[in-house]
Amino acid sequence: MKKLRVLAIAMAAIVSIGAAAADFHDSLRDSILSNITGATVKPDTLAVTRFGARGDGKKDCSGAFAKGIERLAKRGGGVLRVPAGVYFVSGPIELKSNVMLHLDEGSTLLFDPNPERYPIVATSWEGTHCNNYSPMIRARGAVNTGISGRGTIDGNAMTTFATWKPRQREALLRSREMNHNHVPRAERTFGDGDFLRPQLIQFFECQGVTVEGVMITNSPFWCIHLLASENIICRGLRYDAKLINNDGIDPESSRNILIENIDFNNGDDNVAIKSGRDDDGRDPATSPSENIVIRNCHFKGLHAVVLGSELSGGIRNVIIENCDAAGYCKRGFYIKSNPDRGGFVERVSLRNVRLGDVEDLFYITTSYAGEGADNVHYTRIEDIHVDTLTAENVSASAIVVQGLPQMPVHNVTLKGVECKSCAIGLSVENAVGVTVNDCFIGGHAGVPSLAK
């Protein structure tokens, strides 16, 4: 009887954990969504052709976009409409408060791939603050702004920026030395000869942003970079962005974000949540990335959802639900950090995500890239909850949780993790409070056979 009572208590605890995780997921999601509105702008609309733009793919339309945005801003805001056609733009488009850019179906913004056309501006590059080439579409310090429509944004980066990665290492290392040595940000300037690629679209220190509907292709680097911004909706976007490091959406030190109904097809991570690298991220002035909902998305690319590795400012309150994937993803859900970073990841809930073929399905590591072994900036990871995460086939590992002896991972609940085949089913080390229930790695065992 004593054993039965112990078993009943244990089963009740598992049921309680499952119910609590479901309640946590719903209440956290609803709380986050209650604070997200995206951009609100006046419906007043002006066509960019009114300012001399011509959709013939030849005329330089950059001046027309600048004039149209300025006119709307002076009138208190509105929508700059881009009719069908191909609009060649020889430099960055600077969005302003209360102005939306709307691309009609059949319209394309075709950017000049010449780096000399993009001035040096304040930005962040892989989590380090610096001054580098301007993104092709950019807003800084704007309120109520964004991009909408069914047109295409083409970074046209194939012949220039996309070839730079083999030559970026020297500048990359110099940027990290500046980060670690606390060099003033005004002195961290990169440009000609440094080969650090700009983002395609960046919202920096903005509030009230909507990016909706458009097709994104041929980005120089990350496609959409949400930097130190808040109250953001990314909805209904479509990607064919398979150049190198073409991440889909990178929230960095940003909050209150809804990412939904997106068709990803990227040359790198689909969604990669970040909050600064190393000393820059650990600066008290750096905000965590927090309050993010990712739902009803169709993943395709390298990794579906990644947290890190540039997470030194912390990541918390992330909801992922009702997503699927087409084709191969290297990893499905991936939290990565190492002792160079510090920071934290807490309160993450994933529910009903169904993938195809992956290398790794669920992966948490605090030893990313084997770096930082001599450092002591350990990352705290806790309260990670999964309810239904499946893949057809897993070529490497189904479930991996890798903490460190100095900082174990805490409180991971896994329910309904399932795949038909894998090389490694479960690998857990330096972790406390890992609960596994209703998980089927390699199939269902069924009824045991009888001895003969």
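Me: How do you know that the charged end of R331 sits over the ring of Y363?
Reply: The charged end of R331 is 5.1 Å from the centre of the Y363 ring, and a charge sits over a ring if NZ of Lys or CZ of Arg is within 6 Å of the ring centre and within 35 degrees of the ring normal. The charged end of R331 also sits over the ring of Y334, 4.7 Å from its centre.

Me: What do these values rest on?
Reply: They come from a predicted model, in which local features need pLDDT of at least 70 and side-chain atom pairs count only at pLDDT 80 or more, while totals for chains, interfaces and linings use all residues. Residues are numbered from 1 along each chain as its sequence is written, and side-chain values use heavy atoms, with hydrogens and water left out.

Me: Why is the contact between D26 and R351 called a salt bridge?
Reply: The N to O distance between the two side chains is 2.6 Å, and the term asks for a side-chain nitrogen of Lys or Arg within 4 Å of a carboxyl oxygen of Asp or Glu, so the pair qualifies. By this rule the count comes to 34 salt bridges. D26 lies in helix α1 (residues 2-33) and R351 in strand β27 (residues 344-354), so this bridge ties together parts that are 325 residues apart in sequence; helices (H or I, at least four residues) and strands (E, at least two) are DSSP runs, numbered from the N terminus.

Me: What makes D26 partly exposed?
Reply: Its relative accessible area is 26%, and buried means under 20%, exposed over 50% and partly exposed in between (1.4 Å probe, protein chains only), so D26 falls in the middle class. R351, at 21%, is partly exposed by that rule.

Me: Which class does each partner of the salt bridge between R117 and D112 belong to?
Reply: The side chains of R117 and D112 meet at 3.5 Å, N to O; R117 has 45% relative accessibility and counts as partly exposed, whereas D112, with 10%, is buried.
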